[in-house]
Amino acid sequence: DMRVLDLCCGQGRHSLELARRGFREVLGIDRSAYLVRLARRRAKKLELPVRFREGDARQIRIHEACFDAVIMMGNSFGYFESADDDARVLVTVKRALRSGGKLLLDLADGEWLRQHFEPRSWEWIGKTHFVCRERSLSADSSRLISREVVVDGENGVIADQFYAERLYSRAGIIELLERCGFLEVEIHTEYATQSERNQDLGMMARRIFVTAKAPEREQKTRPSQVPFPEVTVLLGDPRLPDTVKKGGQFNPEDLETVARLKAALSELTAYQFSYVDEHASMLPALRQRPPKFVLNLCDEGYANKAELELHLPAYLDIIGVPYSGSHPTCLALCYNKSFVRAVAQSLDVPVPAETYLAPDDMAGTIASVLPALIKPAQGDGSIGITRTAVVETPDEALHHIEYLRQLLPGSPILVQEFLGGTEFSVGIIGNPGVGYQVLPILEVDYSGLPADLPRILSYESKWVPESPYWNTIQYRSCTADESVQRLLTDYAKRLFERLECRDYARFDFRMSVDSDEVKLLDVNANPGWCWDGKLAMMASFAGYRYAEMLRMIIETAQARIIAKRPNG
């Protein structure tokens, strides 16, 4: 009946073995999305009731005192660069354990390894692959640094990686555990591992097993679990012009959207909400009466200018106010689609063929990528992406380029390969290391759109109710096969982490007509939060009501803020 946490579980070999032996409450957590997916597949195949989650061992998002035991097996302790991070892991473990709960550490015998590590070795792993290893001690002899080169006998090098592990002596690990508050620390019998292949065992050659007990918890009335119950919501200003919206101003539909937001937030009784939407007085008010926490839903940008969206979080950073959503650098990167493209290419995320036109470039120099989608290189809300944005001929291309230059003077333009296949959106709520959830993938259904209109999510589909785009485009849960959905999820996670998105984000992809390859269209940090937007739809596919989606965003942001504090 014990609840067991397998921390840094890798592919789940220990978690699954515990389940085989009858443990019914086992959770595995690892930072590697690939290993977690592999562990889940193995658990499903073996029909074993083990749950697996992504998370950083230094700041896992779990309730206090919810485990009877925590195990860290197979040399998974000590890989962080700083010894302080090892202490953070142990403090996190102590918080997760009930009174008197047990910790088991399985780690290398540091004293033995300092004297006996092999500087160079190699071995076959399977019939076609072998691995070469080089090892050396760090300058202060506190860590063993290893390089592994994995070679395919026919295709050459397939991996070349470095890692380092802190070498703990028996006395050193006891001192660390006791300093972190653990009791009854005990070193168990040394184990010398035997290799069935008679090959290099490296860090696994000589083991020490350590157990320790969590201290008794004080019995006291706990304060509210909500870190910041007072929430100030920042919104666009309905008094000011807004060039993105229909007619350049807030419309009844926009006011209805804000009313639905307020109604949904009123359901979250653990919080008290106040609203700020008058931008003329916003900055002085924030400085004079700094909020405890800001729910930043001002995706219109300061003064309803999309290019100033990053300035509000920058101002909040300056005055020291914590807030939801992405930081200024992330918003600046995602605002410029050519920057996002460069980041995606560096991560091996496919992107459409594209030509970048600077404001002073001659349109006659555009590359031949017809049919093409022509759109602004910067901006939000699909501004400039109209029914004439998909072009088949050079004349059509020149016409739409001229239209964009009149609409958005001085703005660069992208002439992009038009992908006419299935379109997807991937939504993420959460943060790497603290815990995050990929929502069910959304698929765009263009089948009801009149045949003479290009299959795109145009400006009209978002802002013009009388347009045929408004009611004919439908959305559904993804029907693509599992391999495509895994690829979309993997691409979205890579981009989320590299662009340093926070709390929630949306990633749009599309296939070409003649290929199953998915390519990135756009990254939306701080995406639309409205009740009928894509993120809310994806949340509904997972069974979350609108108010629950908003609660998840708030909880995610507040958990991130608390986790980053020294004593978080």
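**Entry 1: the chain as a whole**

I began with the secondary structure of this predicted model, and I noted 16 helices and 25 strands in the protein chain. I then looked up the overall extent, and the C-alpha atoms fill a box of roughly 75 × 65 × 45 Å along the principal axes. For the chain of 568 residues, a compact globule would have a radius of gyration near 24 Å, and I wrote down 27 Å for the protein chain, which agrees.

**Entry 2: burial, contacts and surface**

Next I checked the burial, and 51% of the 568 residues count as buried. I also looked at the contacts between residues at least 6 apart in sequence, of which 68% join residues at least 24 apart. The protein chain exposes about 27100 Å², and I noted that carbon and sulfur atoms supply 51% of this area. As for charge, I found 69 positive and 79 negative side chains, with the centres of the two sets 5 Å apart.

**Entry 3: helix H14**

I turned to helix H14, which covers residues 482-498 and so has 17 residues, and its span from first C-alpha to last is 24 Å, close to the 24 Å expected at 1.5 Å a residue. Looking for its buried residues, I listed several, among them Val484, Leu488, Tyr491, Ala492, Leu495 and Phe496. I kept in mind that an α-helix has 3.6 residues a turn, so residues three or four places apart point the same way. Just after H14, I came upon glutamate 500, with a positive phi of about 60°.

**Entry 4: two further positive phi values**

Most residues other than glycine have a negative phi. Cysteine 8 is partly exposed, at a relative accessible area of 23%. Asparagine 526 also has a positive phi, of about 50°, although it is not a glycine, and I located it in the loop between strand E25 (518-525) and helix H15 (534-541). Asparagine 526 counts as buried because its relative accessibility is 5%, under the cut-off of 20%.

**Entry 5: aspartate 160**

Finally I looked up aspartate 160, which is in strand E9 (residues 156-166) and is partly exposed, with a relative accessible area of 43%. Leaving aside residues up to four places away in sequence, I found that aspartate 160 touches Arg147, Glu148 and Val149. I also recorded its separation from alanine 285, which is 125 residues in sequence and 54 Å in space, C-alpha to C-alpha.

Methods: Residues numbered from 1 in each chain as written. Predicted model: local features only at pLDDT ≥ 70, side-chain atom pairs only at ≥ 80, totals over all residues. Heavy atoms only, no water. Helix = DSSP H or I, 4+ residues; strand = E, 2+ residues; numbered from the N terminus. Rg over C-alpha atoms; globule rule 2.2 N^0.38 Å. Buried < 20%, exposed > 50% of the residue type's maximum accessible area, 1.4 Å probe, protein only. Contact = heavy atoms within 4.5 Å. Areas by Shrake-Rupley, 256 points an atom, 1.4 Å probe, with all protein chains shown as cover. Lys, Arg positive; Asp, Glu negative; His and termini not counted. Charge placed at Lys NZ, Arg CZ, Asp CG, Glu CD. Expected span 1.5 Å × (residues − 1).
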